[in-house]
Amino acid sequence: MIVSIASGKGGTGKTMVAVSFALSLIGVVPKEIQLLDCDVEEPNARLFIQSLDAQKKTVTVPVPVIDASLCNLCGRCAEVCVYNAIAVTQKKALVFPELCKSCGACSYLCPQKAITEKEKKVGSVEEAKGSGIALVSGKLEIGEIDAVSVIKAVKKRVDPQKINVIDSPPGTSCPVLETLQESDFCILVTEPTPFGLNDLKLAVETLRKLQIPFGVIINRCDLGSDCVEAYCEQESISVLLKIPFKREIANAYSRGIPFVEVAPEYRKRFQTVFQNIVKELP
Amino acid sequence: MKIAIAAQGDHLDAEVDSHFGRCAFFIIYDTETKAFKAIKNPNVTAQSGAGINSVTLIEREGVKKILAGNFGPKAERTLSSSDIEIVRDVAGTVKDAIQLVTK
């Protein structure tokens, strides 16, 4: 089973919810719990999980290398590259690996067979064991943009025998779609502000397109207005949980302490959220 | 000699564009015949590689110098693998830019 935690707007509390939700299920669900951090541009779930024996693996993608002694500057590679990662001037063929999406068209179609592929590091995946929980974190290499390849590598560790809780990146772009696909359920974390509502609507639209069942958790529910609740009611979206704005939560978070440890009453509430999710699934 | 100027419009009184890769037009000017033509830049809205494709575009026109306010790193790398000379920090109108090269 895969439950992903996403949000249209950044900074609404995805990681806080993902970590606390996953921790709350330890020992109460007859399955192993695994937390997968797919927010590879800012993987911070591991700051909250005390872990042992971390194993790190490199994520690479193939990029073209052009053998100048075989290249006759015909320009076919640049022509077929939809990402504009190759330039062929009258003197030289140039590769811009940072633009390459590893489709392989250039090497496949080069009439001179002058193009081979080499592996380029775009990130890493770290697997660690906490107490009662496994953690998989993806990390995009500095300067790289190919978050999707790293997310795919993280998602390879999804285990159907376990409860997989996925911390998604924010927004509604390609990395988010890559993360959310195959989810059985998605929890959208939002805040009751005009920004929160606007981006929640975008996320709702995305999930409806992906046909993934979802519900909403309203964080800092006592700030802002009732705009999010009114919207959820109007759209028949279930509000799974409301979390108030509390100094001790923020304080613990800033010290890397999961929120359910300072507000243990929320363990039960997250367990109820899980039961309600299970009920909603076919 | 043919030169190219990154411009905001399709005529000689247009302002020089501060950015090469995504300028609105390339003015191709022949310093001998004093004839010019304007090419609408198809790379203005490209998601990536605007600079790279702009270089190959002006290279096909047989240009020997390119004038603009500034050049992106990828455009610069591509230009350095061509025979086109970069003239940066150019401002004012296309006419002013031509003067810079022909005076």
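This is a predicted model: local features need pLDDT of at least 70, side-chain atom pairs count only at pLDDT 80 or more; totals for chains, interfaces and linings use all residues.
Let me begin with chain B. What elements does chain B have? There are three helices and five strands in this chain. If you read along the sequence, they come in the pattern β-β-β-α-β-α-β-α. The radius of gyration of chain B is 12 Å, close to the 13 Å that the globule rule gives for 103 residues, so chain B is as compact as a globular protein of that length. Of the 103 residues in chain B, 37% are buried. And if we take the contacts in chain B with a separation of 6 or more, 49% of them are between residues 24 or more positions apart.

Now please look at the sheet in chain B. Here five strands form an open sheet, with mixed pairing and the order β3-β2-β1-β4-β5. Which strands are at the edges? Those are β3, residues 36-40, and β5, residues 85-87, of chain B, and each of them pairs on one side only. On average, neighbouring strands of this sheet are turned by 20 degrees against each other, with direction ignored.

Let's zoom in on one pair from that sheet. Strand β1 of chain B, residues 2-7, runs antiparallel to strand β2 of chain B, residues 25-30, and six bridges join the two.

On to chain A. This chain has ten helices and eleven strands. Its C-alpha trace spans about 70 × 45 × 40 Å along the principal axes. Chain A has 282 residues, and 45% of them count as buried. Among contacts in chain A with a separation of 6 or more, residues 24 or more positions apart account for 74%.

I would like to pick out one strand of chain A, namely β8, residues 163-167. Is this strand mostly covered or mostly open? Strand β8 of chain A is mostly covered, with five of its five residues buried. A:Ile163, A:Val165 and A:Asp167 point one way from the strand, A:Asn164 and A:Ile166 point the other way, and all are buried.

Which strands does β8(A) pair with? One of them is β1 of chain A, residues 2-6, which pairs with β8(A) in the parallel sense over four bridges. Within that pairing, A:Ser4 has A:Ile166 as its bridge partner. Another is β2 of chain A, residues 33-37, which runs parallel to β8(A) and is joined to it by five bridges. There, A:Ile33 stands opposite A:Ile163.

Finally, let's see where the two chains meet. How many residues does each chain bring to the contact? Chain B gives 14 residues and chain A gives twelve. On the side of chain B that touches chain A, helices α1, residues 50-60, and α2, residues 73-79, each supply at least two residues. The largest share of that side comes from α1(B), with five residues. By class, the side of chain B that touches chain A has three nonpolar, seven polar and four charged residues.

Technical notes
Residues are numbered from 1 along each chain as its sequence is written. Chains are lettered from A and ligands numbered from 1 in the order in which they are written. The radius of gyration is taken over C-alpha atoms; the globule rule is 2.2 Å times the number of residues to the power 0.38. A residue is buried if 20 or more other C-beta atoms lie within 10 Å of its own, exposed if 12 or fewer, and partly exposed in between; C-beta atoms are placed from the backbone. Two residues are in contact if their C-beta atoms, placed from the backbone, lie within 7 Å. Two strands pair if DSSP finds at least two bridges between them. Axes are lines fitted to C-alpha atoms, for helices over the stretch in contact, and angles run from 0 to 180 degrees between N-to-C directions. Ala, Val, Leu, Ile, Met, Phe, Trp, Tyr, Cys and Pro count as nonpolar, Asp, Glu, Lys and Arg as charged, and the others, Gly among them, as polar.
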